[in-house]
There are 2 protein chains.
Amino acid sequence: MAGSDSTREARLGGPAIVLVAPQLGENVGAAARAMLNGGLTDLRLVAPRPPWPNPRALAAASGADRIVEGARVFDCLEDAVADLRRLYASTARPRDLRKPVLTPRQAVAQMRAAAPDGEGCGVLFGPERTGLDSDQVAIADAVLTVPLNPAYSSLNLGQAVMLVSYEWYQSGAEEEDADAPPSMGPEGERKRQATRAELHNLFRHLESELDAANFLWPPHTRSNMVRNLRNFIARASPTEQEVKTLHGVVTALAGRKWKRGDDD
Amino acid sequence: MAGSDSTREARLGGPAIVLVAPQLGENVGAAARAMLNGGLTDLRLVAPRPPWPNPRALAAASGADRIVEGARVFDCLEDAVADLRRLYASTARPRDLRKPVLTPRQAVAQMRAAAPDGEGCGVLFGPERTGLDSDQVAIADAVLTVPLNPAYSSLNLGQAVMLVSYEWYQSGAEEEDADAPPSMGPEGERKRQATRAELHNLFRHLESELDAANFLWPPHTRSNMVRNLRNFIARASPTEQEVKTLHGVVTALAGRKWKRGDDD
């Protein structure tokens, strides 16, 4: 990418593809291949099954080596998505979590509107057999589900990534013909969606105060309650400003000393 | 499918997927899996590499067994597409043939408009390494090309079929919300696009007359001239009525006895 003088090449980048605990190197390679077909380059792996680097990933990448080699590896999901502002959880199964459900086409349209180059956007994919668990889905803004034949839906990881990458590329091709979407207004900075790192800070702040208040008790119900709270907050896609305000709210409600400047 | 009481299931069917000389059973299986995800069921194979049936195809079909087992096998492309009225040739490479080039989304929109259930429509896919040759592309109404990252386009057969099947299913999902497309008008029968069998009859008629007239001469140029003629006719997507008229034209031009009733 560096040094390329092609404007088409310069349009590459796009949302991050975050593979959570991928089990087979072949599938990471297939995902990389699918990504590059759609012009996506930011691959992130959360705790891939050892070994990593995995020669099978390179073999399956069919020339998309630089995506595999450039993949960043993280120990935990929270770190992998820290810088992202819009996050989609790819899952086929209906959840008890209340969360918008978007098709790939709708999700890429949202991402293009938020950031024409996809910066700060990402899509989570779960492990091959089990998919994302509810705690992982909960931190996303929305669920991404591919509408397919209800009598037979069977996508492997590479195919799922392919459909998202494909839609990303198609949405860019359409955009070339259309008027440029409105860019961020003068209030942009205040309206910018919070990063996942900022969200996780807020989660921890809230949860520590709730623990202190014995609200997340008894222990066997805690994880469920935390998940539903996180899901609620993430579903609202808060802005940076709103996150600051919510910190203030938590602090205030918890009766701590609250510095006015923090939230406004 | 038979005996199903589900309306969603009843909507299955869709355009035919025609694999020309597929070399690996795995890829036939992957194509079948991709098809059923999008609700497509009509798989046709032209001269698949032996053995067929191929146990590797079933293994790769991941449960889409009935598509593999129901695949019809043909010795030649002409027979495989005889009943089809709209035919698309999937190919990535630019050709010297003048022919409309459509994205999968545009192609499925055309097919939905021609036949909401895809009846009489089909998409050709070539052998894994070589793709369709120019003679095979020439008999299609249009070329189908997937817009992808120009710096890296690498789809395998299963992925290419997946994208077409996916777009077919998406176009149906959109249709459910929209008004039903206008159905065939009162002049439908006369305006119905010719079948490939009718087109091939016309090709043969034309070419035999041209041979008789020494037009397709010298021999080493014949295949090129035939291809370009077929391409020209197919690109125009003639109706049944037009094919009859063209027969009449050929007959008349060739100076044969021409029965008026044949073309009008």
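User: Let's start with a cysteine. How does C76(B) count at its relative accessibility?
Analyst: This is a predicted model, so keep that in mind throughout. In it, C76(B) counts as partly exposed, at 30% relative accessibility.

User: And C121(A), buried or exposed?
Analyst: C121(A) is buried; its relative accessible area is 3%.

User: How many disulfides are there over all chains?
Analyst: Zero, going by a search of the whole structure.

User: OK, switching to the interface. How many residues of chain B are in contact with chain A?
Analyst: 32 residues of chain B, and they touch 32 residues of chain A. The two chains bury about 2,800 Å² between them, and carbon and sulfur atoms give 52% of that area.

User: Which residues in chain B lose the most area to chain A?
Analyst: R105(B), Y152(B) and Y166(B). Together they make up 24% of what the chain B side buries.

User: How many salt bridges are there between chain B and chain A?
Analyst: The count is two. R105(A) and E167(B) meet in a salt bridge through their side chains, at 2.7 Å from N to O.

User: How many residue pairs are in polar contact across that interface?
Analyst: 18 residue pairs, with both residues at pLDDT 80 or more.

User: Which elements give two or more residues to the side of chain B that touches chain A?
Analyst: In chain B, those are α1 (7-10), α2 (25-37), α6 (104-114) and α8 (157-177). The one that gives the most is α8(B), with eight residues.

User: How do the residues of that side of chain B divide into nonpolar, polar and charged?
Analyst: On the side of chain B that touches chain A, 16 are nonpolar, 10 are polar and six are charged.

User: New topic: where is G118(A) found?
Analyst: G118(A) lies in a loop of chain A, between α6 (104-114) and β6 (121-125).

User: Is that glycine, G118(A), buried or exposed?
Analyst: G118(A) is buried: the relative accessible area is 0%, and buried means under 20%.

User: What does G118(A) touch, not counting residues up to four places away in sequence?
Analyst: With those left out, G118(A) touches G14(A), P15(A) and W168(A).

User: How far apart are G118(A) and G14(A) in sequence and in space?
Analyst: They are 104 residues apart in sequence. In space, G118(A) and G14(A) are 4.2 Å apart, C-alpha to C-alpha.

How values were computed: Residues numbered from 1 in each chain as written. Chains lettered and ligands numbered in written order. Predicted model: local features only at pLDDT ≥ 70, side-chain atom pairs only at ≥ 80, totals over all residues. Heavy atoms only, no water. Disulfide = S-S within 2.5 Å. Buried < 20%, exposed > 50% of the residue type's maximum accessible area, 1.4 Å probe, protein only. Contact = heavy atoms within 4.5 Å. Buried area = accessible area lost by both parts, 1.4 Å probe. Salt bridge = Lys/Arg side-chain N within 4 Å of Asp/Glu carboxyl O. Polar contact = N/O pair within 3.5 Å; in protein donor to acceptor, adjacent residues only side chain to side chain. Helix = DSSP H or I, 4+ residues; strand = E, 2+ residues; numbered from the N terminus. Nonpolar A, V, L, I, M, F, W, Y, C, P; charged D, E, K, R; others polar.
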